[in-house]
Amino acid sequence: MDMKRDYYEDIEIFSSGTVLFWSIALFAVLFTLPLYMPSYNIYLFNIILVHVILAVGLNILVGYTGQISLGHAGFFAIGAYGTSLLMMHLGIPFFAAIIAAGLIAALSGFIIGLPALRLEGPYLAIATLGFGLTIMHIIGRWEIFGGRMGIQAPPLDIGIPQWGWSVPLDSDVKMYYLILVIAIVMVIGARNMMKTRIGRAFVAIRDDDIAAEVMGVNLLTFKTLSFAVSAFYAGVAGGLFGFVLGFFDPFTFNLILSIIFLVMIVVGGLGSVLGAVMGATLITYLQYDLLKNVDEMPYLGDALVWISRKYFTVIGLENFNSIMLGIIMLGIVIFEPLGMFGIWIRIKKYWKTWPF
Amino acid sequence: MIEQLIIEGLAIGACYGLFGVAVAIIYKTSDVVNFGQGEMGMISTFVAYHILAQYGLPFWLAFVLTMVFAVLLGVFIEFFFLRPAKDPTVLGLIIITLGAEMLLMGLAGWKWGAEQKDFIFPLSVQKVHEPIPGLVLNEWSMGVFALTALIMVLLFLFFRYSNLGIAMRATQQNQNAAKIMGIKVERVFSFTWGLSSFIGAMAAMFFAARSVLDPNFMMEPFMRAFAAAVLGGLTSIPGVVMGGLILGLIENFFGYVWPVWKPIVAFVVIIIILTIRPSGLFAKHYVKKV
């Protein structure tokens, strides 16, 4: 079974040979994916990977530290606008720009983390929600951000064009490899961080912040750090998202997006990196592929069009997306509060102890 | 001019306050923040619109039918979405109400489409009266003031003197003790949701009369009302209305001086006030015991 015998066993990245084997298999599949995938699906995979980065970051805040954020679309927007504007106006190379944008997001995360020291539950929800809306309005009003019309992301070049070293990434497939590498680094980084002193401090705050403080965890440092790290992840994800979309406006980053992010980690399972990855994959797939053209689905599509014609309106069928999302959210809390990770654990337990 | 700003601000603030009361009643009784409140009001308003436009009934009858629908909707959501969840966490509860919000918004969009509709409401913003010389009031504001005052008085009497009101207060203080005293806590919760949905639907109709009717129209007012409720302190009902009035005034003055930033001033003020007084202006702050 999963018994840990000493500390070094607990902090290993790959806890067993099986995990190592399947991780390598997964990486192999992911790296060879463009060979057998049509190009539209690569676009979808890019969005999934961006959302995986964000969900893993949000999970650090919500799942591990137990804070609530309804404003992550704000950090996401800071990352997207920050990266594109730094590259366009200041001519900063891509990697420096995305890290700088991530750090700006982290700084705003730190600032929004300060009131969070005194707020909890619904009060924190409204404060973060207000932050998300404020960011959306600010970028919608200021000319430098392109206003309501939105901006075009600059051509993606991961070299340093000013020094004559140019590595343009002009197709979805090339972008896919860039995002994949960043996503793997950040997911493993998050998984590792949760096994360090910092990660354990986060979990202690989630379980009982007063007890944690008594044990010597500095709440000021670690709560704001959790916000900052989570915002950094969101900022980097946002920076990549801007290039995936190519064109974005302030309304891309609305409140519904923040809710969808929260749904990803709740559906995946709070407090687990694997859960965040699974949840982000599933919800993004549903949002951007399966439910996008619901009337073209086999069997179900025709039935839905028929129902729409009889009782609802056919033009409103696009809202089916939102209905399904609502049902998933309700269902997961009522029937499976641990999310997909909980289901996974149950399956694993069942097979490990099989005859019994 | 300045009086007009004050009156307008107070009127819209009273409407925020009224809607905030709907949020606060649920929070007070069951510790659930209902993020679906706006969409519950929205769908009730759409039902009223549907009755008016489709069947051509007089407004008062449509109003009564809508109120019945609103109460049933509130009870339905409590019964089918909140009651089955076993020991949900704060985040779990937020996800449930957000899920109800997405569901209702999707249903309304499916049924009525996304195009904007005009909601015919007997009290219009255009028709003005001058009850006292120098004080110009439009019918809408008069309606809001009258309704808010009426609801406040009724709620006060209800929580003070009726058995059910006292049961709701008892449930808020200590659920287990209330159960021992013979209060059916689940039934109290259902009733709370019905009452809250009732008040929220009325406020939503007032909002619809001011703006247009589409599946997203309650999003902004809900967030303002929620902010107002948090500002006043979610557990005190007069505090919530005061919070609404303050928010309405701030927003109106700020919107006059600096109209570009009107939509966000409310939230900036809320964040600042919450940093100074974490439980809102008028609620007692309880220090958590270990």
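Colleague: Which residues have the most contacts inside the largest nonpolar core?

Modeller: A:Ile53, A:Val56, B:Cys15 and B:Ala227, in a core of 199 residues. Bear in mind that this is a predicted model, where local features need pLDDT of at least 70, side-chain atom pairs count only at pLDDT 80 or more, and totals for chains, interfaces and linings use all residues. Residues are numbered from 1 along each chain as its sequence is written, with chains lettered from A and ligands numbered from 1 in the order in which they are written.

Colleague: What makes something a nonpolar core?

Modeller: A nonpolar core is a set of buried Ala, Val, Leu, Ile, Met, Phe, Trp, Tyr and Cys residues joined through C-beta atoms within 7 Å.

Colleague: What does A:Val56 touch, leaving aside its neighbours within four places in sequence?

Modeller: A:Val56 is in contact (C-beta atoms, placed from the backbone, within 7 Å) with A:Met186, A:Val187, A:Ala190, A:Tyr233, A:Val273, A:Ala276 and A:Val277.

Colleague: Why is B:Ile25 called buried?

Modeller: Buried takes 20 or more other C-beta atoms within 10 Å of the residue's own; 12 or fewer is exposed, and in between is partly exposed. B:Ile25 has 26 C-beta neighbours inside 10 Å, so it counts as buried. B:Ile25 sits in helix 1 (residues 2–30) of chain B, helices being DSSP runs of H or I, at least four residues, numbered from the N terminus. Beyond four places in sequence, B:Ile25 is in contact with B:Thr192, B:Leu195 and B:Ser196.

Colleague: How many residues does each chain bring to the contact between them?

Modeller: Chain A gives 38 residues and chain B gives 41. On chain A's side, helix 6 (122–141), helix 11 (255–268) and helix 14 (320–335) each supply at least two, and helix 6 has the largest share, 11 residues. That side of chain A divides into 27 nonpolar, 9 polar and 2 charged. Here Ala, Val, Leu, Ile, Met, Phe, Trp, Tyr, Cys and Pro count as nonpolar, Asp, Glu, Lys and Arg as charged, and the others, Gly among them, as polar.

Colleague: How do you describe the packing of helix 5 and helix 10 of chain A?

Modeller: Helix 5 (residues 94–116) and helix 10 (residues 219–245) of chain A pack at about 145°, axes 7 Å apart. The axes are lines fitted to C-alpha atoms over the stretch in contact, and angles run from 0 to 180 degrees between N-to-C directions. The residues of this contact in chain A divide into 16 nonpolar, 8 polar and 1 charged.

How values were computed
Two residues are in contact if their C-beta atoms, placed from the backbone, lie within 7 Å.
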